Each structure stands twice: as structure tokens, then as C-alpha cells.
Amino acid sequence: MKIETVKVSLPSRRITNQDMVELIREQSHDVPQEIFDKIASRIKILLRLSGSQDRYWREASETPIELLKKSYREAMSEVGWKPEEIDLLIYVGVGRGFLEPGNAYMVAQSFGLIHADCFDLLDACMSWSRALEIVHNYFKLGKYKRVIIVNAEFNSTAFGYPEIYRVTDESMLDSRFPGYTIGEAATVTLLSNENNTKDAWEFHFSSKPNLSDLCTIPLPQFKVFTDNTSDKLGKNGPLVFTSYGSELHAYGNTEGIKLFQKLSVPREKINIVFTHASSSTAWQKGGETVGVADKMYHIYPRTGNLVSASVPAAMALALKENKLKRGDRVVCWVASAGMSFAVYSFIY
């Protein structure tokens with residue numbers, strides 16, 4: 001399998017850490033000033049410690065589908081593919097406009113891909129990585145020749161506005177803080193069944209369903225679809241983002257490092273490492289532990305957490321900056337709600 005190209009479109013509205021604090025202040029306007037000052041102070045400290053600086057949200061005039069089409073046009077123009085040559089389109093990630101049918105069908109229609117097979121793959125921030133392995137296996141079976149993976153992660157206000165931006169007590173930050181790091185982006189990845197380097201791909205995944213209550217966006221009827229009685233599950237309510245970031249990173253550090261050790265690629269052969277953009281500080285510490293700290297490429301400080309778009313967006317930006325080049329040995333390292341973990345490697 002060969003990644004022909006990766007493109008990202010970021011919306012235009014820059015949200016700084018201070019902007020985020022002001023947004024929370026607006027939604028918490030009736031909280032006594034002395035109490036809110038303590039809340040704001042902690043938010044600023046947590047943002048700084050995570051490595052956060054900026055994130056980008058769309059303006060009212062910008063739509064996810066138009067930003068997605070922009071990346072699609074750039075990608076197709078670069079590689080010279082025609083719409084009728086696309087065999088499969090997979091839509092991945094949390095951001096979506098439909099529960100039914102799959103968002104892939106709507107995107108394919110917008111792209112003019114009338115002959116492409118379509119389906120969605122939803123596994124929180126792991127979605128793009130899961131789709132990559134599935135396409136790799138499809139190619140080995142000879143099922144498809146050209147595939148597109150797309151996502152439109154526009155979740156900043158979709159799952160929790162204005163609920164998670166209203167804070168009346170510091171303890172509420174335990175389940176709400178990760179929501180303040182979310183950025184937005186649309187990505188398009190073009191894949192072909194060309195075997196550019198023999199045995200170049202290596203995938204390792206693991207799942208820890210006992211940690212499934214740590215990060216959720218439940219539907220209104222979620223309680224009848226599980227017998228999990230954890231008080232963390234859906235803490236902030238239906239259709240509102242709940243995430244216990246400190247616990248997620250604590251478990252992620254342990255399991256992520258354990259999984260990284262399964263990678264057969266020698267450290268000295270690795271050129272660049274892309275991670276899930278959940279905290280540049282936490283991932284950098286993990287990189288120091290496994291010996292790849294000097295090879296890590298972080299986008300979190302400038303884009304925030306891009307959910308399932310984190311890795312493809314990082315690749316696209318690294319390509320623009322000439323930090324990623326053909327022939328480079330790439331490692332991707334991801335942790336996600338579920339929880340799930342992945343490390344995989346390939347030659348770009």
C-alpha cells in the first residue's frame with residue numbers, strides 16, 4: 001500500500017488559550033468572581049502544561065463539506081486521479097452530519113464519485129488508523145486499487161456547547177477540560193495498492209474496554225445499551241463530550257509504551273513520529289521513554305486536538321514544511337477513547 005498524498009484544510013478562526021478562557025467566562029457569568037478566578041487560573045495552568053496554544057474553528061460562513069472538498073480537489077490535482085478511478089471512500093471519525101446513512105455516501109455524492117463503494121468507520125480518535133489497516137488488508141486481497149479516507153472533525157461546539165463551557169466548580173474540569181483543547185480540520189488521504197516497499201507496513205493495536213467510561217459522547221438512550229454503572233459514564237449528559245484527560249493520559253502512557261515496544265523497526269531507522277494530538281507534553285514524555293523524542297512532530301500547540309484527523313493533518317503539514325519526504329520511515333502512535341491504542345510504521 002502507498003499513501004499517494006494527504007491534505008488538510010483548517011478553518012480560519014484562530015482560538016487562543018485566552019479566547020477559550022473568555023468563552024468559559026461568558027458561559028459562567030453568574031459564578032462569583034473569586035470562584036471563577038480560581039477556575040480560570042487552573043484552566044490556564046492545564047492548557048500550558050498540555051502544550052496548548054492555539055486551535056482553529058470554522059467561521060459561520062465556512063462549512064465542513066466545503067473545507068473537505070477543498071482538500072479533495074488539492075489531493076486529486078496533485079496525483080492526477082479522476083473521480084471514476086476511485087474504488088472506495090471511507091468516512092472516519094466523530095464529526096458527522098448523519099447517523100443514517102453513512103456520511104461516506106453524502107461525501108461521495110459531493111465529490112462526484114458515483115461508482116465508489118462507501119462506508120463509515122467510527123472508532124473515536126482511532127478511526128483513521130483503523131481505516132488504514134483495513135485498506136491495507138483490502139489491497140492484499142486485491143479487492144480495490146484506489147481508495148480515499150476522509151474526515152471532517154468539526155466538533156468544537158457540536159458536542160457540548162454551551163454546557164461544557166459553563167463551569168461553576170473546579171471539580172467540573174476533571175471531565176470537561178479536554179473539550180477546551182479541541183480544534184477543527186478536514187483531511188483527505190489518497191491510497192493506492194502499489195507496493196512501494198516490500199514489507200514496509202507494520203500494525204499493532206490493543207483495546208482496553210474496561211476504560212470505556214473515561215471518554216464518551218452518549219446518545220440520549222445510552223443507559224439501555226450498557227450495563228456499565230460507572231458515574232463517569234456520560235457525566236456531562238447526552239450528546240455532550242465527557243473526557244477524563246488526566247486518567248486517559250495516565251493509562252495511555254503505560255499501555256502506549258508497552259505497545260510501542262512491539263514495533264520491530266530499529267529506533268535509528270525511524271525518521272519521523274506522528275502522534276494523536278491530545279497533548280504535546282504527554283506524548284513527548286512518552287517519546288523520551290521509548291527513545292524517539294528527537295523524531296517527534298507535534299501539531300497540538302498550533303491546532304489543538306483534531307480527533308481522528310490528528311495524524312493525517314500532521315502528515316499533511318509536515319509534507320508542506322518538507323519535514324516528511326518520500327522514502328522516510330514513519331511511525332504513528334495513537335491512543336483513543338475506548339480505550340484503544342496503536343503503533344504502526346511504513347515507508348512514505
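**Salt bridges and a surface patch**

By salt bridge I mean a side-chain nitrogen of Lys or Arg within 4 Å of a carboxyl oxygen of Asp or Glu. Helices (H or I, at least four residues) and strands (E, at least two) are DSSP runs, numbered from the N terminus.

A quick word on the model: it is predicted, so local features need pLDDT of at least 70 and side-chain atom pairs count only at pLDDT 80 or more, while totals for chains, interfaces and linings use all residues. Residues are numbered from 1 along each chain as its sequence is written, and side-chain values use heavy atoms, with hydrogens and water left out.

How many salt bridges does a search of the whole structure find? The count is 17. Another one joins lysine 2 and glutamate 194, at 3.9 Å from N to O. Lysine 2 sits in strand 1 (residues 2–9) and glutamate 194 in the loop between strand 7 (185–192) and strand 8 (202–207), so this pair ties together parts that are 192 residues apart in sequence. Lysine 2 is buried, at 16%, whereas glutamate 194 is partly exposed, at 40%. Please look for Glu4 as well: Lys2, Glu4 and Glu194 are linked in a network of salt bridges.

Leu99, Leu219 and Leu239 form a nonpolar patch on the surface, and together they have about 310 Å² of accessible area. Patches are made of residues with over 30% relative accessible area and no salt bridge; like charges are joined within 9 Å, and nonpolar side chains (Val, Leu, Ile, Met, Phe, Trp, Tyr) within 5 Å. The areas come from the Shrake-Rupley method with a 1.4 Å probe, and for residues only the protein chains shown count as cover. Where is leucine 239 found? Look in the loop between strand 9 (215–216) and strand 10 (242–243). Leucine 239 is partly exposed, at 40%.

Terms used: Buried < 20%, exposed > 50% of the residue type's maximum accessible area, 1.4 Å probe, protein only.
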